[in-house]
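Grab a pencil and work through these exercises with the model open beside you. Try each task yourself before you read its solution.

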Number of protein chains: 2
Amino acid sequence: MNEEDEDAEDKVITFYDFPSKKDGVEGWNPFPVRIRLALKYKGIPFKTVWVEYPDVELTLKAAGIPPTTQWPDGKPWYTLPAIVDPSTGVALADSFAIAEYLDKTYPDKPLLMPSHTKALQTAFNEAVLAHVRPIFPFVLIKFCGLVHPVSEEYFRRTRIVLFGKSVDEMVPQGENAKEEWKKLEEGFGKIAGWMKKEDEFVMGDTVSFADFVIGGWLILSRLAWGNDSKEWKEIAEWHDGRWGKLVKSLEPYYGK
Amino acid sequence: MNEEDEDAEDKVITFYDFPSKKDGVEGWNPFPVRIRLALKYKGIPFKTVWVEYPDVELTLKAAGIPPTTQWPDGKPWYTLPAIVDPSTGVALADSFAIAEYLDKTYPDKPLLMPSHTKALQTAFNEAVLAHVRPIFPFVLIKFCGLVHPVSEEYFRRTRIVLFGKSVDEMVPQGENAKEEWKKLEEGFGKIAGWMKKEDEFVMGDTVSFADFVIGGWLILSRLAWGNDSKEWKEIAEWHDGRWGKLVKSLEPYYGK
């Protein structure tokens, strides 16, 4: 790298994301994945700073990025995704806040929330979360297989604080697993029911942040269970193959 | 009315709504109110058929309108709003299905779900419902003061089937009432938080079905507690007076 390249590199957005111990994984956590997709979709150059779970707080504090929520004991909770944009000096976290910032700051690039749909997209995110909720007890344990040991230890410890039990204990078993899997299918079915059969994206032919919200859950699922797993194949085929097709459509914005 | 008028009247959409025993009330139930607002906003002529609660099933069956859901015992549940459009022969219930039909059939009139936002608007409705849920125990008893005795009797009886207790027993009391009222304010606060401060409508300057969804809850609240009540005045003033202003903005589409 010569000096000019370094200068150019200094001017691009810094994007903070969770690394994976698996080869070739480009970001796996559904929340940062939204912003990875968004930056690529808008065609905004960025560099990734990979942050292990226990380092998030110090890293974000050092970058001047405020926390987005708080732990049950009231302490500030610093979360990813987060960005620093050297061209404006803006440093912020939270996927929706970042998406709104990117649209406002780069309005000439394709909009993440076109036609003034920010409020609708935010509500969409909430409603989707309510419907994909059954996925959590299945995938939290899978996170542990994706991250480095230092993050795994932190992740396991803090989930006990949040949920009152370990991510191992949360995994649905036997009949309960079947029921919860069925609920997940029904949840995705609700989302499919909002969309027109012929529409590939939430806003028809137009890609929007809502697709990255769903995409985040799908990309995580594919990584968690694996491309060739029974589970991912089922999800991909649910609702006329809608979810498998959506992930395919998002490929231009995900791979390196 | 001469014969020509009668012919014209026969060609307009029939809109099925719940009557009120109160003078000058133009529709009060938040679900039909959405369609009343929608028809007026689109400028589509219609006539209202007022249906008491115990007559909904027979009336809709006779009009060829299918049920939208089912009772806990599995029997079909016929609900309002419902419409019959003599120009197409279409007969259907469910506010979102009707809104979608109206946009498709009358695309030259202002769209209820512009810019291909049907999926987003449907998710918005779900997320709003989750946040305004604390209103139910307060207002169900108020329904009884708005409807004729024949509907009141039916409404009280069927709510016991649905909720396992009477609408009187559901009314929050004492400290609990304060807590639930606070939750309602927080719920509306969440919705306000999705919107930009300067935006009057969910889609900014553009009216959309999402405004009629919120509008339905607000119009009901104003009717239930009364224009001059402490409760309505509070709601109207929450979040920088956003809700009072929204109801005002919807007035052209609500009054006779």
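**Exercise 1: a sheet and its helices**

Helix H4 (residues 95–105) of chain B lies across S1, S5 and S6 of chain B, running at about 145° to S6(B). Helices (H or I, at least four residues) and strands (E, at least two) are DSSP runs numbered from the N terminus, and angles run from 0 to 180 degrees between N-to-C directions, with axes fitted to C-alpha atoms, for helices over the stretch in contact. Before going on, note that this is a predicted model, where local features need pLDDT of at least 70, side-chain atom pairs count only at pLDDT 80 or more, and totals for chains, interfaces and linings use all residues. Residues are numbered from 1 along each chain as its sequence is written, chains are lettered from A and ligands numbered from 1 in the order in which they are written, and side-chain values use heavy atoms, leaving out hydrogens and water.

*Task.* Work out which strands stand at the edges of the chain B sheet.

*Solution.* 
1. Start with the strand order: the open sheet has four strands, S2-S1-S5-S6 (chain B), with mixed pairing. Two strands pair if DSSP finds at least two bridges between them.
2. Now go to the ends: S2 (46–50) and S6 (90–93) of chain B each have a single partner strand, so one side of each has no neighbour in the sheet.
3. Zoom in on one pair: S5 (residues 82–85) of chain B and S6(B) run antiparallel, joined by four bridges. Here Val84(B) sits opposite Ala91(B).

**Exercise 2: two helices from two chains**

*Task.* Find out how helix H5 of chain A and helix H9 of chain B cross.

*Solution.* 
1. Take the axes of H5 (residues 118–132) of chain A and H9 (residues 174–194) of chain B: they come within 8 Å and cross at roughly 130°.
2. That angle makes H5(A) oblique to H9(B) (under 35 degrees is roughly parallel, over 145 roughly antiparallel, 65 to 115 roughly perpendicular, the rest oblique).
3. Look for contacts (heavy atoms within 4.5 Å): H5(A) brings residues including Glu126(A), and H9(B) brings Lys190(B), Gly193(B) and Trp194(B).

**Exercise 3: a histidine**

*Solution.* 
1. Check the partners: leaving aside neighbours within four places in sequence, His131(B) touches Glu126(A), Gly187(B), Lys190(B), Ile191(B) and Trp194(B).
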